[in-house]
Amino acid sequence: MLKQYKFDGSEKLNIKKIPTNAVEDKVEREEIEAKFSENLLKMEGLQEKLYADGREGVIVVIQALDAAGKDSTIKHVMTGFNPQGVYVESFKVPSEEEAAHDFLWRIHRHVPERGDIVIFNRSHYEEVLTVQINDIHKGYRLAERVKNDSDQEFFKKRYRQIRDFEEYLYENSYRIVKIYLNVSKSEQKERFLERIERQEKNWKFNAGDLDVRDQFDTYLETYEKVINETATKHSPWYVIPADQKWYTRYLVSEIMLDLLKEIDPQFPEVSKEQIEAMEESKKLLLEEK
C-alpha cells in the first residue's frame with residue numbers, strides 16, 4: 001500500500017494525482033485501526049532494540065500545510081515508543097543566532113545519538129518552501145557572490161546541499177524518512193473552522209494561517225518541485241493522504257514499521273565473560289540473607 005506514496009527519485013511526483021483521503025484505497029476504518037494498534041506494539045519492540053543496539057539513528061521529517069495534522073500524527077503514532085529514545089524537535093522562524101549561521105546549522109545540532117529517533121516537526125525544508133515562496137532569502141545577510149545568484153540558481157544549490165547533507169548522514173549510520181501530509185483545501189477549511197468554533201481549539205488558530213491558505217496552490221506546486229529535487233533512494237519522501245486522521249496515522253505507522261524492519265536492530269550480544277560475571281552476581285544475590 002505504501003508503494004504508491006513513496007518517492008525515491010526513481011519517478012516524478014505529480015502531487016495532484018496523489019489522493020488526500022482513504023476512498024481510493026478502499027479500506028475499512030475498523031480494520032485499519034486494528035492494524036494500527038498492532039503496528040504500535042511491533043514498533044515498540046523494534047525501537048527498544050534500536051536503542052539497545054545503538055548503531056543507527058533515525059530522523060523522521062514531517063512537513064505539511066497548516067491544519068494537516070502534524071501534531072496529532074506525532075502524538076498518536078509515537079505514543080508507543082520509550083520516551084528515553086525518542087523526541088520531537090519543532091522548527092519555527094530562525095532565531096537571531098540561527099539566522100547568523102548556514103541554514104543547516106540548527107538542523108545538524110539536533111541530529112540524535114545513534115540508537116535514538118528524532119521527529120522534526122517542520123525542518124530544513126522550510127528554507128526551500130516558505131523562504132522560496134515569500135522571497136525571504138532576499139533579506140539574508142550573505143556575500144554578494146551568493147546574493148548575485150538568480151532565484152533559480154540559489155534554490156538549485158540548496159536542493160543539492162540538502163541531498164548532500166542527507167546522504168552524509170546516511171553514510172554516517174543514520175536513516176532519514178520524509179513525510180508530507182497531503183491535506184485537501186476543503187478539509188483544511190473545515191479544520192480551520194473547527195479551531196474557531198471550538199473553544200478548546202481556539203489557541204491553535206492564527207489569522208495569519210489564512211494568508212498561507214491564499215497560497216495553497218503555490219505551496220502544492222512548490223512541494224512537488226522540492227520533493228522531486230530531494231527524493232533519493234536513501235532518503236525517500238512519502239506523500240500520504242491526510243484528510244482522515246485515522247488513515248494518516250496508520251500509514252505513518254506503516255512507514256515507521258517498514259523502516260525499523262529494514263534496519264533490523266538486534267540486542268547486543270553478551271560475551272562469555274559477561275555471562276560468567278552475571279552468573280556470579282546471581283549466585284551472590286541468592287546467597288544474601
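Helix α7 supplies the largest share of the lining of the largest cavity, namely 3 residues. The structure is a predicted model.

**Largest cavity**
- The count of cavities of 30 Å³ or more comes to 1.
- About 40 Å³ of space lies in the largest cavity.
- Two elements, β2 (57-64) and α7 (151-171), each give two or more residues to the lining of the largest cavity.
- The residues that line the largest cavity are Ile59, Val61, Ile107, Val111, Phe120, His124, Phe165, Glu166, Leu169 and Ile176.
- By class, this lining of the largest cavity divides into 8 nonpolar residues, 1 polar residue and 1 charged residue.

**Second largest pocket**
- The volume of the second largest pocket is about 210 Å³.
- Two or more residues of the lining of the second largest pocket come from each of β5 (174-182) and α11 (245-263).
- The element that gives the most to the lining of this pocket is α11, with 4 residues.
- The lining of the second largest pocket consists of 13 residues, and Lys6, Lys233, Pro236, Leu259 and Glu262 are those nearest its centre.
- The lining of the second largest pocket comprises 7 nonpolar, 1 polar and 5 charged residues.

**Annotated domain**
- An unreviewed UniProt entry carries the annotation "domain: Polyphosphate kinase-2-related" for residues 28-266.

How values were computed
Residues are numbered from 1 along each chain as its sequence is written. This is a predicted model: local features need pLDDT of at least 70, side-chain atom pairs count only at pLDDT 80 or more; totals for chains, interfaces and linings use all residues. Side-chain values use heavy atoms; hydrogens and water are left out. UniProt positions are given in the numbering used here, feature names are shortened, and annotations may be inferred rather than shown by experiment. On a 1 Å grid over the protein atoms alone, a cavity is a set of points where a 1.4 Å probe fits but cannot get out, and a pocket is an open set with protein on both sides within 12 Å along at least five of seven lines; lining residues have an atom within 4 Å of a point. Grid points are joined across faces, edges and corners, and a volume is the space filled by probe spheres set on the points. Ala, Val, Leu, Ile, Met, Phe, Trp, Tyr, Cys and Pro count as nonpolar, Asp, Glu, Lys and Arg as charged, and the others, Gly among them, as polar.
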